[in-house]
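Here is a friendly walk through one protein model. Take a look at the sequence and the 3D view, then read on.

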Amino acid sequence: MEIEETFREQLDSLHSISVEIASLHELPQVYKAALTYCLGLTGSQLGFIGLLSQKREYLNLVAVSGFEPTDPSFFDRYRVMPVRRSVFGVTIVDERPHVSNDVDHDPERVGTPPGHPEVRTFLGVPLQVGETVIGMIGAGNRSGGYGRDEQRCLSTFANQVAIAIDNARLYERQREMIAGLEDLQRRLGLADAERLLAQDRARIASGLHEHVGQAMFSLGLKINALLERELDPELAESVRGLRRMVADTLDDLRQVIFALSRPPGANTDVTEAIGSLLRDVGRDNGLDVDLVTRGVPPAGIDAVHDVLVTVAREALNNVVRHAQARTILISIRYEPERVLIAVQDDGVGMPSTDLDANGDGATHFGLSDMRRRILDVGGTFEVESGEEGGVTIRIDVPVPPTES
């Protein structure tokens with residue numbers, strides 16, 4: 001009867017403590033209150049709260065109570081600890097409470113850093129939000145050690161602390177967001193409006209590329225697969241017409257995406273634009289990329305800027321989709337009246353029948369479209385197998401003279 005009454009009083013106490021902690025919105029307040037009650041509930045001399053890093057490789061001690069190191073730099077050196085098996089760390093590694101009433105002889109013991117207080121008895125429990133462990137709360141040096149009652153009590157309390165920490169984090173992020181919006185509102189002027197418009201244009205362009213563009217590309221692949229079957233000639237011609245419609249629509253979509261990606265008035269030079277595309281492709285697909293340039297861009301290069309960048313973009317897309325390459329090299333050579341660009345990869349290459357930019361295979365690889373663009377500005381477009389595998393696309397485009 002006495003044990004039942006004690007348990008009921010303990011539950012009542014935990015309820016009032018949980019209500020109080022849940023009302024706190026500042027993380028330091030949550031940490032301080034949590035450790036104060038942790039020591040009181042378990043009769044411990046010292047305690048700490050540790051939270052896991054984003055990649056769950058380290059435990060960051062965000063709050064400590066009952067320990068004032070003589071060396072002021074102690075916490076700077078040991079506040080962040082790698083997650084590993086130890087008297088403390090087993091709580092995180094195994095995601096379960098751990099009790100040690102003889103720390104010196106605990107099989108999980110790995111030693112303590114210089115200046116660390118003596119810990120004779122220890123109780124650690126996970127801080128868990130739903131199914132996710134976000135850290136731990138530890139208590140130490142209870143006289144007589146820790147039993148089932150202390151473990152159960154601290155585990156129940158830790159669940160409330162974890163929720164309070166998670167809520168305080170959300171509140172902090174919300175407050176930062178509101179502060180950011182207020183700051184944006186204060187600073188918003190013509191320049192900021194233009195920047196936000198550019199961001200919206202980029203977001204829309206990205207959405208068109210990722211969703212509509214990929215859907216159109218997939219549709220083209222399915223149509224190509226249909227044409228590989230034995231079809232009635234009339235039906236086959238209808239399917240080829242559908243493929244041309246898809247190709248034309250995809251071409252129009254690319255034009256829109258490019259226009260959105262390059263707002264009116266933008267004056268990005270060809271080297272910078274192609275270099276940016278190449279870096280993005282390398283980063284997003286884990287490829288080794290390199291850009292080599294020679295010469296000085298001629299004065300009238302703005303007239304062919306969009307064509308060169310669009311064709312370079314399509315050539316890079318081809319490498320990503322078809323080449324299975326590890327390396328891409330783009331060479332740009334500027335001459336007084338022309339620009340020469342070579343896009344090389346070390347992939348699986350293309351069948352010789354597909355290297356012709358006028359053939360059916362060229363449609364699959366987008367070569368005929370790229371060739372048409374280059375021819376439209378008076379240039380030449382060549383596709384050839386690389387000497388050591390892969391494919392090389394060579395572009396030679398004249399630059400019109402500027403009006404004096």
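## Salt bridges

Asp 369 and Arg 372 form a salt bridge, with their closest N and O atoms 2.8 Å apart. A salt bridge here is a side-chain nitrogen of Lys or Arg within 4 Å of a carboxyl oxygen of Asp or Glu. Both residues sit in helix H11 (residues 367-376), 3 residues apart, so about one helical turn separates them. Helices (H or I, at least four residues) and strands (E, at least two) are DSSP runs, numbered from the N terminus. Asp 369 is buried, at 14% relative accessible area, while Arg 372 is partly exposed at 39%. Buried means under 20% relative accessible area, exposed means over 50%, and partly exposed is in between (1.4 Å probe, protein chains only).

Keep in mind that this is a predicted model: local features need pLDDT of at least 70 and side-chain atom pairs count only at pLDDT 80 or more, while totals for chains, interfaces and linings use all residues. Residues are numbered from 1 along each chain as its sequence is written, and side-chain values use heavy atoms, with hydrogens and water left out.

Glu 118 and Arg 120 make another salt bridge, where the closest N and O atoms are 4.0 Å apart. Glu 118 is exposed, with 52% relative accessible area, and Arg 120 is partly exposed at 39%. There is also a network of salt bridges, and it links Arg 85, Asp 94, Arg 96 and Glu 108.

## Aromatic pairs

Now for the rings. The structure holds 7 aromatic pairs. Rings of Phe, Tyr and Trp (its six-membered ring) pair if their centres lie within 6.5 Å; planes under 30 degrees apart count as stacked, over 60 as edge-to-face and the rest as tilted. Phe 48 and Phe 122 form a stacked pair, 6.3 Å centre to centre with 10 degrees between the planes. Phe 48 belongs to strand S1 (residues 46-52) and Phe 122 to strand S5 (residues 122-129), so this pair ties together parts that are 74 residues apart in sequence. Both Phe 48 and Phe 122 are buried.

Phe 74 and Tyr 78 make a tilted pair, at 5.0 Å centre to centre and 50 degrees between the planes. These two residues both lie in helix H3 (residues 74-78), 4 residues apart, about one turn of the helix. Buried or partly exposed: which is Phe 74, and which is Tyr 78? Phe 74 is buried, with a relative accessible area of 4%, whereas Tyr 78 is partly exposed at 25%. Ring pairs also bring Phe 67 and Phe 75 into a cluster with Phe 74 and Tyr 78.

## A sheet of five strands

Next comes an open sheet of 5 strands, in the order S7-S8-S9-S11-S10 and with mixed pairing. Two strands pair if DSSP finds at least two bridges between them. Strand S7 (288-294) and strand S10 (380-385) are at the edges with a single partner strand each, so one side of each has no neighbour in the sheet. On average, neighbouring strands are turned by 10 degrees against each other, direction ignored. S7 pairs with strand S8 (residues 327-335) in the parallel sense over 7 bridges.

## Helices on the sheet

Helix H8 (residues 270-285) packs on the sheet and touches S7, S8 and strand S9 (338-345), with its direction at about 180 degrees to that of S8. Contact means heavy atoms within 4.5 Å. Axes are lines fitted to C-alpha atoms, for helices over the stretch in contact, and angles run from 0 to 180 degrees between N-to-C directions.

Helix H9 (residues 305-323) lies across S8, S9, S10 and strand S11 (391-398), running at about 10 degrees to S9. H9 is mostly covered, with 15 of its 19 residues buried. Just after H9, Gln 324 takes a positive phi of about 55 degrees.
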